[in-house]
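Thanks for making the time.

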Amino acid sequence: MRILLIEDDPESTAFIAQGLGGEGHAIDVAADGHAGLKRAAEDWDLLIVDRMLPGLDGLSIVRRLRATGLQAPVLFLTTMDGIDDRVAGLRAGGDDYLVKPFALVELAARVGALGRRAARGPRETVLRVADLEIDLLTRTASRAGKAIDLQPRELKLLEILMRHAGQVLTRAMLMELVWDFHFDPLTNLVESHISRLRGKVDRGHVELIHTVRGAGYCLRAPDPVAG
Amino acid sequence: MPVSAPAGSRRGWRLWRTTVFRLTLAYAAFFALAGMALLVVILWSATGFMTRQVDASIAAEMAEVMADAADPALHGDPYKTVIDSLARRSPAFQYLLQSADGKPLAGNMHALRPVPGIRLMLRDHRLGHENNPEPTVLHGQGRVLPDGRFLFVGLNVYSVAEMRQSLARAFLWCLGPILALGLVSGFLLSMSMARKVERISVASRAIMDGDLSQRIARGGGGDEFDHLADSLNAMLDRIATLMLNLSQVTNDIAHDLRTPLTRLRQKLELAERDDLTRDALREALAGAGGELDRILSTFSALLRIAQIEAGSRRAGFTALDLRPLLQTLHEAYAPVAEEGGQTMTFQPGPLPLPVQGDPELLTQLVANLIENAITHAGPGAALALDAGRTGERVHITVSDTGPGIPAGLRQKVLQRFFRLESSRTTPGNGLGLSLVAAIAGLHDAELTLDDNHPGLRCTLTFAAAVRSTL
């Protein structure tokens, strides 16, 4: 992906550029608000915007870009973790909000998810990964043609995983996307639900839901060579 | 310590500057002036009255003399006869009849200048006054007779003058004590005021010098100074509590962060060893990262609590129904409880649960209570999430059948970093319930911890909601 990073702190810039570069993304950097606004008009797959910038703040940049009709997804990256700040960021036209300090896996996962979202066409009503299938209109799921009995929230979790098939979803992302929870749980909330879902989806079949150590979970079709 | 002048001179100097003393001085001066004015008025009216009386009796006597002298039965010089007889009979009055050339003809007086009309004489004109020590002030009336002779009738009014003088003297004598009393009482009053104020300022200086346990002593009379002292002491109590809280929190932060920081250091030190395999190195670094995450999450929890306690979030409150929110939380946490061998029930009751609040914070509040129950109640415990409405008051209850919290510690667990000894081994930073308390406070909701016989029951009761459309 071609990513524009609008960030004034050189250390953060180096860290992000190196981290995301390793994932195969091409990173360009703008070090202040005005340069960021100017360069954002170019063709990018994703913008990563710091909120506090010299010249023009991140919220204003994104507001202006959205006013001119720019569609590229925007990820806010900021130390501002006030309770209202995330809402303000999303309202300004951001697609995701990540508070510093963050883990690189978290950033990489969110970047991956956002890029994927942008690339996708109109919303499908049937999602398919290998022999797993869910129909979003009838709210039913099946594996290898056999119906799976899922609770509404389990279906939601599975839908999220399938929409991001092949992508790593961190626990925090799943908390937000499935339950709209914006806090760090002390209990293994996500693990419990994933393990239940695995019991219903993967038992007796080739494993589709994988644990990515130190990062999160990923639903993907089995490798044809290994499978 | 502030530099101070010798106490005595400073106090004396300050006395003049006290408001009370100045007021007293002003009042003393005012009363003295008022007294003087009163004296003048009294003297003036009393003297006037007496003078009029004297004038009247002299006029009456003169008229009597004239009437007697006009008696046709009298032989010789009628005036001389009348005066001679009157001078003998009425020694109180002074009489004089003198010839046109100024020679006394009759009466008990020496010669006078023959001026007609009312006159006041300080020189003693009485006959034989040399042998009479009684001082005199003569008030009288003169008249020139048709034959050119001069007639005078007068009265010694020395007693009137004397009364006037003694009156004035008495007033002047009183003026001294009035002023003196004013000064003394002003002095005493300002001393007592100064002492009361000094008590407050001594205590304040001691507190400024670092002794926060100092309190302002009450005089005991229940006066306005006691009232002031009570208010100031209450303020000092509050400040002391806050300071204690602050220093305790600072202490706790330092302590609580020292453990993960120490472990972090150990892990990094281990990672530096040369004989480490690549996998072992990676594991050590991952462990270090985990410790750092703990530290960071502690910080963000602290920041969040501080932010919520600042209360600015209240602007974003909306009217909401708690039932779907609780439903989601139950769905999310029931599997977690079951995995730990616990059960979790949810009874929302039949009614909607309207409250004014922030859905994200309320979700976090209930999630914290549930997680608390899951982590501390132990395997086999029965967890219950209940909600309901009594009148207009909405309440949420999270209860478990675990070991509970001893009654004496239930308030303490709401403090930052406070952890029961038994929970040291379970995950958590000791901030969960502090956050719950902060969010409850923001929503004007009352958080109570009770015994669930056995276990812990946390109840959150919202203040009666404003009537909403929910």
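Helices here are DSSP runs of H or I with at least four residues, strands are runs of E with at least two, and both are numbered from the N terminus. On conventions, this is a predicted model, where local features need pLDDT of at least 70, side-chain atom pairs count only at pLDDT 80 or more, and totals for chains, interfaces and linings use all residues. Residues are numbered from 1 along each chain as its sequence is written, chains are lettered from A and ligands numbered from 1 in the order in which they are written, and side-chain values use heavy atoms, with hydrogens and water left out.

I begin with a helix in chain B. Just after α9(B), D444(B) has a positive phi of about 55°. The helix itself spans residues 432-442 of chain B, and eight of its eleven residues are buried, so it is largely enclosed by the rest of the structure. Buried means under 20% relative accessible area, exposed means over 50%, and partly exposed is in between, with a 1.4 Å probe and protein chains only. The buried residues of α9(B) are L433(B), S434(B), L435(B), V436(B), A438(B), I439(B), A440(B) and L442(B). What covers them? The cover includes helices α6 (278-310) and α8 (359-377) and strands β11 (445-451) and β12 (456-462), which belong to chain B.

Now chain A. It has eight helices and twelve strands. Its length is 227 residues, and 48% of them count as buried. Contact means heavy atoms within 4.5 Å. Taking the contacts in chain A between residues at least 6 apart in sequence, 57% join residues at least 24 apart. The accessible surface of chain A is about 10,700 Å², with 51% of that on carbon and sulfur atoms; such areas come from the Shrake-Rupley method with a 1.4 Å probe, and for residues only the protein chains shown count as cover.

Next, the interface. The size of an interface is often given as the accessible area lost when the parts come together. Buried area in that sense is what two parts lose on being put together, with a 1.4 Å probe, summed over both. For chain A and chain B the figure is about 2,200 Å², 58% of it on carbon and sulfur atoms. Of the area that chain A buries against chain B, I83(A), F183(A) and L186(A) supply 31%, more than any other three residues. The contact takes 21 residues from chain A and 26 residues from chain B.

How many salt bridges cross this interface? The rule finds three between chain A and chain B, where a salt bridge is a side-chain nitrogen of Lys or Arg within 4 Å of a carboxyl oxygen of Asp or Glu. In one salt bridge, the side chain of R196(A) meets that of E338(B) at 2.3 Å, N to O. On the side of chain A that touches chain B, helix α8 (residues 189-201) of chain A gives the most, with five residues. The residues on that side divide into eight nonpolar, seven polar and six charged. In this count, Ala, Val, Leu, Ile, Met, Phe, Trp, Tyr, Cys and Pro are nonpolar, Asp, Glu, Lys and Arg are charged, and the others, Gly among them, are polar.

Over all chains, the structure holds 31 salt bridges. E159(A) and R163(A) pair at 2.9 Å, N to O, and both lie in helix α6 (residues 152-163) of chain A, four residues apart, about one turn of the helix. E159(A) counts as buried at 10% relative accessibility, and R163(A) counts as buried at 8%.

In chain B, R265(B) forms a salt bridge with E269(B), the closest N and O atoms being 2.4 Å apart. These residues are also four apart, in helix α5 (residues 224-271) of chain B, about one helical turn. Here R265(B) is exposed at 55% relative accessibility, while E269(B) is partly exposed at 44%. Back in chain A, D96(A), E106(A), R110(A) and E176(A) are linked in a network of salt bridges.

Last, the loop residue. A92(B) sits in the loop between α3 (78-89) and β1 (93-98) of chain B, and at 51% relative accessibility A92(B) counts as exposed. Leaving aside its neighbours within four places in sequence, A92(B) is in contact with L155(B) and N156(B).
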